[in-house]
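Here is a short report on aromatic rings. Look at the sequence and the fold first, then read on.

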Amino acid sequence: MLSSARRWLRRNRTPIAIGVGVVGAGYAATQYVMSKINDARERMSSDRIAKENLRRRFEQNQEDCTFTVLALLPTATANVVTALNTEKITYEIQQIKSSARSLKGIQTTSPPSIADTTLTEDDGKSTVSVPVDIGMPFAPDGPQQDSAPPRPRKTKRQLWDDLTISAITRSFTLVYTLALLTMLTRVQLNLLGRRSYLSSVVALATGSQQATISLENNDDDNPNAAYGSDFDTNRKYLTFSWWLLNRGWMEVMHRVESSVRSVFGSLSPRDLVTFDRVSQLTAEVRRLIEGGADDDERRRSDWLAFLLPPKDREDEVIRESGILDDGGLAPDDSAQPSPAALRRLLDETADLIESPAFSHVLSLILDSGFSLLVDKKLATEAFEFSLDGAPTAVATTASLKRTRAILLPKILSVLTRQAHVIGNGMPNEYLQEMETVRDLEAFSAVVYSSNWENEMKDEGLMESAVYVKSEDALSQSTQVGGSVVVVDRQAGVFEGAWERAVEKRF
């Protein structure tokens, strides 16, 4: 029986060998395909986790921007309100009015408001010198003013002219300051957020963190990480918002005041003004400040001088901000932040501010801010329009605003109150309105995701890249040391990345 089996094997050895080879090849092919499928699944899962982590970090970063603006805005508001003390001028006008009534034997129980105060023919001739403490406009302390130099006398008409310019300039200046602070904060925190994300990815690639990219910023735990770990550099970089809060706002105010004087200077407190007229004058002021209605002209507006100091005054910003007096910073030079790292952040910030996308988004959030101030607040509080309800109410408002006219003091009264709402409102309606502009989020996404490849090249990390492929995320995915980084090889051209972001409406 064994001999017959051997004879059968000898006669059929060729077909058996072929069969075994086919089965073996099929098994090997099956295992290869299964391994590729498993690799693809793992890669897709890794990409999905990385994108979700990136999205969550990005959204958290934008919330941080909102809180940062709310924390910084009161500083600028205090400076603007001190320089443009509309309440002080109002008090002086009320003092003149009270004095005139006293001379006529008229008793008053309370001083009139801006809207109730009127200008008579004799007011243009009368003069008065009222000692008023600028810091306490509603409760002047006479004895403390004895040593003050005599102030020039002004007629009531001159005071009204000052009040008109002051009230309008203050509210407009605060709108511009809020918009500029919002844009600057978005640039700063998204640039640092990008560094923090890359720090987390690099730490993961080198095995110094867990197998996930955490949302918390643990940069300070690893001083040798390539990104986001230079706490002193980041801190100094963030202090450059001091320039807008303490110096840049003055340049904004001067530009606004010059434009307001040119446009509103001819108005008298006895003038009746329609809503259409106010809207037209506001648009004219904005045209003088920002440039023409043409988008290209607006893009050429120079906002950099308001937001960042010239290079020869950068040390002044760091010194005046008080950061060098912090005892928590090490005194030795070896612990100081790298000038190259800080220089790179400031240069990239300047490039972003001077980009057409920055001017475009700034114009949009200014549109939203002025729309809230004029089309809603003035329309409802001064002109008493009703903006509630369906489109029929809007149509009624459109017809009313062409016929209804009110005295200028009523408009100034609303603007005076709104200045405090813009600067100190909680919640801040104007900031909320600006943040509804979708292009602001798109701009933030571009800042957060652009220039990553160059950032990594600067630290020599791109040599470890394993693969690059297209993904429908912020841009592209690059695997570095087994972890996924989302980058964009074309993001060095900011305008190109901005156009793609606007098209996707990220």
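Is Tyr 448 buried or exposed? Tyr 448 counts as buried, at 1% relative accessibility. Buried means under 20% relative accessible area, exposed over 50% and partly exposed in between, with a 1.4 Å probe and protein chains only.

## Basis

This is a predicted model: local features need pLDDT of at least 70, side-chain atom pairs count only at pLDDT 80 or more, and totals for chains, interfaces and linings use all residues. Residues are numbered from 1 along each chain as its sequence is written, and side-chain values use heavy atoms, with hydrogens and water left out.

The structure holds 9 aromatic pairs. Rings of Phe, Tyr and Trp (its six-membered ring) pair if their centres lie within 6.5 Å; planes under 30 degrees apart count as stacked, over 60 as edge-to-face and the rest as tilted.

Phe 58 and Tyr 448 are edge-to-face, because their ring centres are 5.4 Å apart and their planes stand at 80 degrees. Phe 58 lies in helix α2 (residues 13-83) and Tyr 448 in helix α16 (residues 438-449), so the pair ties together parts 390 residues apart in sequence. Helices are DSSP runs (H or I, at least four residues), numbered from the N terminus. Phe 58 is buried too, with a relative accessible area of 1%.

Phe 275 and Phe 383 have ring centres 5.5 Å apart and planes at 90 degrees, so this pair is edge-to-face. Both residues are buried.

## A cluster and a charge

One aromatic cluster is formed by Phe 172, Tyr 176, Trp 303, Phe 306 and Phe 370. Over the ring of Trp 303 sits the charged end of Arg 255, 5.9 Å from the ring centre. The cut-offs are NZ of Lys or CZ of Arg within 6 Å of the ring centre and within 35 degrees of the ring normal.

Definitions and conventions:
Helix = DSSP H or I, 4+ residues; strand = E, 2+ residues; numbered from the N terminus.
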